[in-house]
Amino acid sequence: MTIFSDIGRYLLMIKGMFSKPENGKMYWKEFMHQCAEIGVGSLGIVAIISVFIGAVSTIQTAYQLVSPLIPPSTIAQIVRDTVILEFAPTLVCIVLAGVAGSRIASELGNMRVSEQIDALEIMGINTKGYLIMPKIAAALLMIPLLVIIAMALGIWGGRLAGSMANILSGSVYDRGLLESFVPYNVIFALIKSYVFAFIISSVPAFFGYFVQGGALEIGRASTKAVVVSCIAILFSDYVLSALLL
Amino acid sequence: MIEVKNIQKKFGDKTVIQDVSAVMKAGQCNLIIGASGSGKTVLMKCMVGLFEPDEGEILYHGQNFTSMDAQAKTEVRKEIGMLFQGSALFDSLTVEQNVMFPLDMFTNWPVKKKLDRVNEVLNRVNLVEANRKYPAELSGGMKKRVALARAIVLNPKYLFCDEPNSGLDPQTSLVIDKLIKEITIEYNITTVVNTHDMNSVMEIGDYILYMYQGNKEWEGTNREIIFSKNQRLNDFIFASEFLKDAKDMRMLEETGQIPNHRNMDNLLK
């Protein structure tokens with residue numbers, strides 16, 4: 001029964017976000033702040049992960065393609081499609097669920113426990129609108145951008161590893177990237193990233209916003225938020241792949 | 001003026017507040033006192049709308065707050081300032097930004113005017129040269145004063161203080177009590193203070209509502225409390241022998257009599 005009650009509270013929380021802002025400028029300021037926190041704050045880890053994922057994909061694909069009948073440029077095609085379809089949106093978003101999601105849950109949890117949310121409510125501010133909405137909006141803007149950056153860096157990382165390990169030259173890799181390219185794959189990846197962005201921001205916000213107790217519960221809520229977000233991302237990844245591919 | 005009419009609040013099967021009524025007037029400090037778990041915080045949260053009472057009404061200047069829609073409640077809340085037990089300052093904002101926050105949110109004043117108002121209220125709570133500090137850099141008493149400044153920056157009609165002296169030393173507690181009292185009179189605010197601090201009760205209790213296990217057990221003033229014969233109230237307020245002696249001395253001064261069960265010889269020694 002708890003799960004149904006939680007889903008109900010989650011939906012009411014989403015509904016509660018939509019009201020006329022008390023002061024548009026303050027909401028915009030909070031939105032920009034969240035863009036910096038979620039986007040710029042996660043850029044470093046996304047860049048590192050993407051480059052290494054691309055590099056490892058190249059090396060492992062080359063390791064498995066032992067037949068001399070398969071041209072080396074195929075490695076670039078496989079890396080490109082793997083990075084665009086799965087690694088950039090899904091893996092990066094799982095990492096972001098840990099980085100941004102835990103931050104959102106702990107920030108809101110701390111505000112709840114220290115009565116800062118109550119203080120905002122007393123002032124007459126719609127706390128769901130002021131605290132949660134800018135986070136979700138910022139995630140919906142910044143996470144797809146991070147995924148695009150991850151795609152580019154992942155493919156570049158694969159090229160770099162291919163050249164450094166003498167698997168294939170840069171020009172062969174570039175030629176492979178252009179072969180059999182399906183633009184829809186990028187659109188599919190962006191659709192996934194929007195869905196994941198909503199999950200990454202709204203699920204931790206739910207766990208943080210409704211936390212009860214003290215510091216221990218904030219930690220638990222944060223962990224639970226990351227776990228539930230990761231499961232929701234993987235589940236929706238499967239559903240979207242089944243529906244859209 | 002705030003009127004509380006027959007408020008009842010349950011959590012599950014447990015009744016936390018049972019049929020509590022009170023009238024809290026403007027320009028005076030209205031204290032809700034009681035032991036931990038007596039329901040005073042729940043009553044205060046019902047009054048400010050953080051909890052919905054199961055039965056009864058809360059009236060702000062005759063307007064029924066409990067039956068208002070969300071928009072109307074928001075309008076009333078803009079006239080409420082609240083000082084929280086843990087101060088509830090925003091960690092990522094400086095003292096100045098914390099106090100300015102309600103002005104940023106609800107006014108279109110130019111920055112200069114907002115800064116002037118912030119400095120005015122910070123001076124009012126005797127907190128100078130702390131504008132650039134973050135809450136983590138402040139002592140408990142300073143945090144309370146910043147929270148009080150934030151609570152009054154929009155000139156509220158109603159001020160709620162949830163255990164304003166918790167975690168403070170007796171001297172700082174007196175300073176905070178004095179500030180609350182002065183501000184209440186100066187701005188003619190209806191102030192509601194939730195406390196179990198004996199000094200607050202005697203210093204600023206213009207009206208006192210004593211809660212016992214979710215019920216209104218006694219109401220009166222800080223002068224009347226001295227002469228109250230309510231045993232539960234006396235056990236709560238004058239808990240130690242020292243305080244019992246102090247009460248009896250006061251009674252002796254005022255009436256020339258002390259209760260029969262006390263030993264006058266010991267007292268006079």
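## The contact between the chains

Chain B gives 15 residues to the contact, and chain A gives 13 residues. Two residues are in contact if their C-beta atoms, placed from the backbone, lie within 7 Å. On the side of chain B that touches chain A, two or more residues come from each of helix H2 (70–77), strand S6 (80–83) and helix H3 (95–106). H3(B) gives the most to this side, with 4 residues. Helices (H or I, at least four residues) and strands (E, at least two) are DSSP runs, numbered from the N terminus.

This side of chain B holds 10 nonpolar, 2 polar and 3 charged residues. Ala, Val, Leu, Ile, Met, Phe, Trp, Tyr, Cys and Pro count as nonpolar; Asp, Glu, Lys and Arg as charged; the others, Gly among them, as polar.

## Model and numbering

This is a predicted model: local features need pLDDT of at least 70, side-chain atom pairs count only at pLDDT 80 or more, and totals for chains, interfaces and linings use all residues. Residues are numbered from 1 along each chain as its sequence is written, while chains are lettered from A and ligands numbered from 1 in the order in which they are written.

## Chain A

Chain A has 8 helices and 0 strands. Its C-alpha atoms fill a box of roughly 70 × 40 × 30 Å along the principal axes.

Of the 245 residues in chain A, 43% are buried (20 or more other C-beta atoms within 10 Å of the residue's own, C-beta atoms being placed from the backbone). Among contacts in chain A with a separation of 6 or more, 88% join residues 24 or more positions apart.

## Chain B

Chain B divides into domain 1 (2–233) and domain 2 (238–269), with bounds from an automatic or database domain assignment. The C-alpha centres of these two domains of chain B lie 33 Å apart.

How values were computed: Buried ≥ 20, exposed ≤ 12 C-beta atoms within 10 Å, placed from the backbone.
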